Structure formats: structure tokens, C-alpha cells
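Trainee: Could you take me through the aromatic ring pairs in this model, please? I would also like to hear where the prediction calls for caution.

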Amino acid sequence: MTGTGGPAVDTGGVDSALAETVRRAGATIGALYLLAADGQVLHLAVLCGAPAEFAAPWARVPLAAPAPVADAVRENRMIWLGNQEEMARSYPRTAMALPYPVALAAAPVSGVRRWGSLLLMWPATRPPHITRREQGHITSSCRGLARLLEESAGPGKPSAPDGGPRVLPVNTGRRLTSPALAAADFSERLPGGSLALDLEGRITFLTDGAAELLGRDADQLLGTLPWRSLPWLDEPTYEDRYRAAVISRESVAFTACRPPDTWLDFHLYPDASGISVRIVPAGGQPPPVPASRRSTAAATPARAGQLYQLMHLAAALTEVVGVRDVVDLIADQIMPAFGADGLVLSAADAGRLRITGHRGYSDEAVERLDGLPLDTTFTPAGQALTSGIPSFFADAQEMRRIHPEAPLASGKQAWAFLPLIISGRPVGCCVLTYDRPHTFSAEERAVMTSLAGLVAQALDRARLYDTKHQLAHGLQQALLPHTLPDVTGLNVAARYLPATHGMDIGGDFYDLIRLGDTAAAAVIGDVQGHNVAAAALMGQVRTGVLAHASAGASPDQVLARTNQLLNGLDPGLFTSCLYAHLDLARGHATFASAGHPPPVVRAPGRPAGPLDVPPGPLLGIVPDAVYPVTAIPLTPGLLLALYTDGLVETPGTDIDESIGELAHRLTVADDRDLNRLITTLLTQLRPAEQRTDDIALLVLRVASDPG
């Protein structure tokens with residue numbers, strides 16, 4: 001197993017370990033995903049018990065995607081889904097692309113480093129709950145896989161496997177490679193015989209009776225896919241029944257009509273080595289709801305697997321947020337689905353096509369293609385946008401006949417230009433390219449065209465989101481203090497960090513207000529929401545606090561008057577706030593809180609702990625609210641930490657325990673460099689991949705000689 005950015009891995013040991021894990025767990029399908037070198041995408045490296053085609057929608061899974069294998073790695077825990085209902089509730093996108101009765105487990109494969117995840121699947125006939133013993137076995141197997149990967153790869157880290165995943169047979173003791181072995185297995189599964197399929201769907205054995213019922217000689221059917229060699233079975237419905245049998249390992253049945261009027265019942269009996277199919281006449285009568293029929297001369301319909309993949313991609317496009325997410329989704333899932341080597345996604349902006357994302361192109365090529373007019377003739381993009389009709393070019397010669405310079409600009413050998421149009425309005429153009437000549441079938445063109453409409457909707461939404469985000473982010477940055485004032489006798493450092501999931505803006509704020517030569521006010525707060533309204537209200541709260549503090553109001557009055565201001569404005573949002581007045585000349589500090597987490601104080605020679613500041617109501621709720629005041633002495637060397645709930649609040653965790661953990665970290669921290677102290681606290685308490693809320697942190701230390 002090799003990958004770009006990582007050394008070779010001994011495939012034999014890893015493959016054997018995966019196959020043994022599947023066997024011992026009693027699973028029917030197993031898969032090993034490995035993290036790419038950048039740690040952002042999981043690649044399917046090894047698949048056991050199913051054809052690679054089945055796993056096409058999940059060959060590359062972004063680590064941030066709402067998928068079991070991604071959550072297992074990201075959250076470092078086992079994900080168990082006991083049935084289809086539980087899968088649909090927890091992972092609707094996965095359930096849409098995997099509509100079969102199965103149970104599923106995904107577990108992280110990690111040792112010295114994170115390697116990826118293990119996926120196991122069982123028929124839905126197994127109990128819906130996983131036992132402690134089964135959990136222990138899977139966890140132990142993951143550790144074993146991690147050891148094999150580490151021993152084989154050495155100090156490096158494997159990335160995407162070359163080509164597609166390696167497909168292993170389930171360890172049944174033999175693999176079907178000839179009609180004789182297939183017939184032996186078939187006779188064991190069913191009394192008598194009709195025909196047998198391997199897990200890829202190819203016919204490996206059939207009786208004379210089956211050949212007669214199907215209307216073809218045996219040598220015309222052996223080694224073929226039934227829906228390819230028998231035109232009347234060329235319907236996604238029938239192929240889907242085969243897929244259901246392979247994945248669920250449960251028997252399925254359907255009725256089909258062999259032209260002109262012969263109705264046949266097909267009964268499929270799967271196991272780990274293949275499928276036995278029993279074919280019997282249906283009594284000469286069609287079923288109550290017959291399968292749809294069509295002329296054999298009609299265009300080949302999309303295969304069931306491609307239909308499910310299209311549904312999977314459509315669901316994924318509805319979940320993207322920003323333009324970068326759209327580009328990543330196209331690159332990670334749509335490009336591999338069509339075997340494309342390059343991508344250029346352009347958005348229509350002021351009469352020009354501005355490239356918003358690309359893959360597989362040099363910087364020089366991107367610079368030459370960026371900013372082309374919407375009606376350009378340099379590439380087919382202009383014509384595609386004007387006409388709304390996609391353009392497909394199978395080779396460079398075909399492209400040169402109409403656009404002679406285009407092949408030289410990109411260096412590609414085949415192109416699909418997909419116009420992105422909404423209600424007649426051009427949104428942009430998506431170009432999928434190939435390094436070798438590529439013939440686009442009618443089926444492939446139809447699927448690409450359908451996806452282009454979904455991409456257009458997603459790109460339009462994403463651009464609107466990014467515009468709002470940039471506005472709110474710019475407003476927030478303008479309202480946060482760029483620098484903090486110097487106050488004699490006080491050392492100060494502050495940090496604001498956005499959330500790493502969702503919009504990276506919020507209403508958290510901090511401030512240090514100089515009140516004369518020997519006094520200051522420290523303020524921290526959190527406005528409800530993560531949007532423009534929250535950022536704007538944050539500015540109003542800061543302004544109100546600054547005005548009342550500068551006028552000499554006491555801490556309780558600063559909050560009370562700011563509360564009255566917000567109630568008068570009626571913004572529909574509430575705000576928490578902690579205000580501290582620091583009188584360095586008198587060595588005295590007073591605090592008032594409007595529903596904000598308590599400050600953490602560390603006196604010299606003593607452990608840190610939360611200060612008991614009785615909170616009043618949140619700002620903007622109760623017009624005549626009263627805010628109690630708490631006073632403490634300001635001794636030299638005293639360390640004070642003011643923070644927002646993003647630092648200590650985690651779903652499922654008691655906030656008091658989290659504040660206690662912050663106090664412990666502050667107790668043992670080196671406070672000689674406050675900026676380094678903040679970095680340490682943030683790294684220990686909230687790693688970047690775990691920040692679901694924004695964070696503001698303000699740390700103050702009274703100098704040893706405040707005078």
C-alpha cells in the first residue's frame with residue numbers, strides 16, 4: 001500500500017488482519033480507511049466482502065463530513081448503528097446512499113498517531129445492540145491494525161492508495177474462480193440449481209434449465225452481468241435487488257418479464273462467497289405491480305449504483321456552507337465519481353468568470369484562465385453559459401477544431417464544460433478535465449448535467465453565505481479592540497478565537513478600559529448568536545459599557561445602565577457580561593456579573609479557583625435588574641482570568657468540572673509571559689478541532705510593585 005506523501009506499507013499483513021477481523025466479528029463486509037497526508041480526507045484503502053463499485057460514494061470521505069467513519073476518527077470513539085432506522089436518524093446522508101437493512105460499526109485506528117478508521121457491517125438479522133466483548137474485540141483489532149501500519153510504514157504516514165481500494169474475499173477457505181467451484185457452492189446452498197453469481201454480479205454457473213428460461217445459451221451468459229447480457233433485466237430496480245442481497249446478506253425476490261410475455265420469479269440467496277439464484281416461471285401471469293418495461297432500443301439507464309451515488313452527492317451538496325466547501329466536495333467526491341483529473345470552478349462576477357477553486361492545474365494555467373469574459377471564445381465556457389447547454393470534448397483534436405488555444409492553456413486531453421445556471425441567470429461554470437482522451441457516454445453526460453444544476457444552487461447559496469460571513473466578520477474585527485491600553489502596575493494579554501465549525505464569527509468580546517493613571521476596568525461578554533446581528537449588538541454593548549465606565553459608574557451601575565439601554569433597543573438577543581473595576585492604588589477590585597461564568601483567580605502561593613460572583617440576570621431581559629457586587633484585595637502577583645463559555649462549555653460535560661480544570665491549568669501555569677500562558681491554556685483546553693463555539697480570554701496580572 002503506497003500513497004503520495006507516505007512510504008510503502010506491507011499490504012499482506014494489513015490485508016490478512018482485516019480479513020481476520022471481519023471473520024472473527026462475524027461481519028459480512030469490512031473496510032479500512034486511511035487518512036491522507038494532509039489529515040483532512042479519509043481514503044478507502046482495503047475493502048473486504050463487497051465489490052469496489054459499491055463503495056464508490058465513500059471512496060473518499062472528508063474528515064469533517066457527517067459520516068460514521070469520519071466521526072470515529074474525529075471524535076476518537078466507536079460509532080455503532082444497530083439498524084437502518086438508527087442510521088437514518090443519526091446519518092441521513094449515509095442512509096440515503098445505503099438503503100439496506102444492515103448494522104454498522106466504525107472505530108478509530110490509532111496508535112502513536114491517527115491512521116484512519118475501520119468499518120464493519122452485518123446483516124440486520126444480528127442483535128441491534130453490541131456487547132462489551134464485541135466492542136473489546138473491535139478495539140483490539142484496531143490497535144493491531146495500527147501496529148501493523150506503524151511497523152510497516154516506519155516514521156512516515158501513508159496517504160491515498162494508488163488507484164482504487166484493494167478488494168479482498170471474505171475468508172471462507174476458498175475463492176470462486178471457476179464454474180466448477182461455483183457450481184459446488186451453489187449445490188450446497190440450494191436443492192437443485194439455477195444459476196450462481198459472484199459478489200461482483202457475474203454469472204459463474206447456470207443449469208440448462210436456467211439458460212432455457214433466460215432465453216440464451218450458457219456460453220453467452222457465463223462471466224457476464226445479467227443486466228448487461230439480458231436487455232430485459234437492464235433496469236436499475238433489478239440490479240438494486242442484487243445489491244440489496246450482497247449488502248444485507250438476506251434473501252430477496254423479484255419478478256421480471258422476458259419478452260414478449262414470459263414472467264419469471266427470481267429468488268436470490270446470498271452468502272459470503274456469492275449468490276444462488278432460483279428462477280421459476282411465475283405461472284404465466286404478471287405480478288400485481290409489474291416492473292416497468294421499456295424498449296430494448298432505448299438509451300441505457302443509469303446503473304443503480306450510480307443512482308445511489310447521485311443521491312449521495314445531491315445530499316452532500318445541500319449541506320455545504322461556503323464556496324470552499326463546494327470546491328472541496330466537487331474535488332473529493334464528484335471528480336472521483338467521474339474519474340476526472342482536473343477541476344476549474346468559476347463564478348460569474350461583474351461580467352467575468354472568476355476562478356473560485358481548482359484542482360489539477362498549474363498556477364500559470366489558472367492565471368491565464370482566470371477573469372475571462374462571460375462571452376469568451378477562448379474556451380467553451382462562454383458558449384456553455386450563453387446557451388445553457390453543456391459542452392463535452394473527448395480529445396484535444398476535437399477541442400482544437402473550435403477553440404484552438406484552449407488545449408495549450410490547460411494541457412488537458414478531455415473536457416466537460418457544465419454551465420451553472422439558476423432561473424436563466426448564469427452563476428458560473430464547472431469544468432471537469434482529463435489527462436487522457438475520454439469518451440463521454442450519454443448516461444455520463446446526463447448525470448453530469450443533473451449534477452450541474454445542483455452545483456449551481458449550492459454555489460449560489462455558498463457565495464451568499466460567504467458575503468454575509470465576510471460582512472459580519474469584518475464588523476466583528478472592527479469592533480474588537482486592536483490593542484489594549486497600558487496601565488501602570490498591570491500586565492495584560494487577550495485572545496479571541498473563532499469556532500472551527502460553522503461560521504467563524506460570534507458575539508464574544510473583551511475590553512480593557514483605562515480609568516485614570518491607577519485604575520482600569522476589565523470587561524468580557526458573550527452576545528447570543530453567530531451572525532451580523534450578534535456582531536452589531538456586541539459593538540453596542542461595548543460602547544454602552546465604555547460610556548458608563550468612563551463616567552465613573554460602579555460595576556453594578558455599569559451593568560444596570562447597559563441593561564436598560566439594551567432593553568430600550570429591544571434587539572431580541574441577550575448578552576452575558578462580567579465587569580471588573582481594578583483600583584491598583586488602593587489594591588482593591590470589585591466585580592459584577594450579568595449571567596457570565598465566574599473569573600478564575602490565582603493568588604501568589606495559592607491554587608487558582610473560581611471567584612464567587614453572584615450573577616444577576618443576562619443583559620437585555622429584565623429592565624430593572626440588580627447586579628450584586630463582589631470585592632477582593634488586589635495583592636501583588638495576583639493572576640486573574642476572564643473568559644467566555646466557549647473555553648469551558650462542552651456538551652455532556654458539567655461546566656463546574658470544566659472551570660475546575662481551567663483553575664488547575666492556571667495553578668501550574670508559568671505566568672511570566674501572559675501571551676504564552678494564553679496559548680498554553682487554549683491548546684490544553686480547546687484544541688482547534690474541538691472548538692464548536694468562539695472563545696474570548698482576557699488574563700491580567702498585578703505587577704509585583706504596582707506603584
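Mentor: Happy to, and let's begin with caution, as this is a predicted model. Over residues 155-160 the pLDDT stays under 50, although the model gives this stretch 27 contacts beyond four places in sequence. Residues 172-177 also have a pLDDT below 50, with 10 contacts beyond near neighbours in sequence. Where pLDDT is low, the predicted coordinates should not be read in detail. For the chain, the mean pLDDT is 82, and 86% of residues reach 70 or more.

Now to the rings: the whole structure holds 8 aromatic pairs. One of them joins Trp80 and Trp122, which count as edge-to-face because their planes stand at 65 degrees, over the 60 degree cut-off, with the centres 5.5 Å apart. Trp80 belongs to strand β4 (residues 79-81) and Trp122 to strand β6 (residues 114-123), so this pair links parts of the chain 42 residues apart. Trp80 is buried at 16% relative accessibility, and Trp122 is buried at 4%. Trp122 also has a charged neighbour: Arg126 lies over its face, 5.2 Å from the ring centre.

Next come Tyr238 and Phe254, whose planes are at 20 degrees and whose centres are 5.2 Å apart, so this pair is stacked. Helix α10 (residues 236-248) supplies Tyr238, while strand β10 (residues 252-258) supplies Phe254, 16 residues apart. Both Tyr238 and Phe254 are buried.

Finally, Lys412 lies over the face of Tyr361, at 5.1 Å from the ring centre.

Note on methods: Residues numbered from 1 in each chain as written. Predicted model: local features only at pLDDT ≥ 70, side-chain atom pairs only at ≥ 80, totals over all residues. Heavy atoms only, no water. pLDDT = per-residue confidence, 0-100. Contact = heavy atoms within 4.5 Å. Phe/Tyr/Trp six-rings, centres within 6.5 Å; stacked < 30°, edge-to-face > 60°. Helix = DSSP H or I, 4+ residues; strand = E, 2+ residues; numbered from the N terminus. Buried < 20%, exposed > 50% of the residue type's maximum accessible area, 1.4 Å probe, protein only. Lys NZ or Arg CZ within 6 Å of the ring centre and 35° of its normal.
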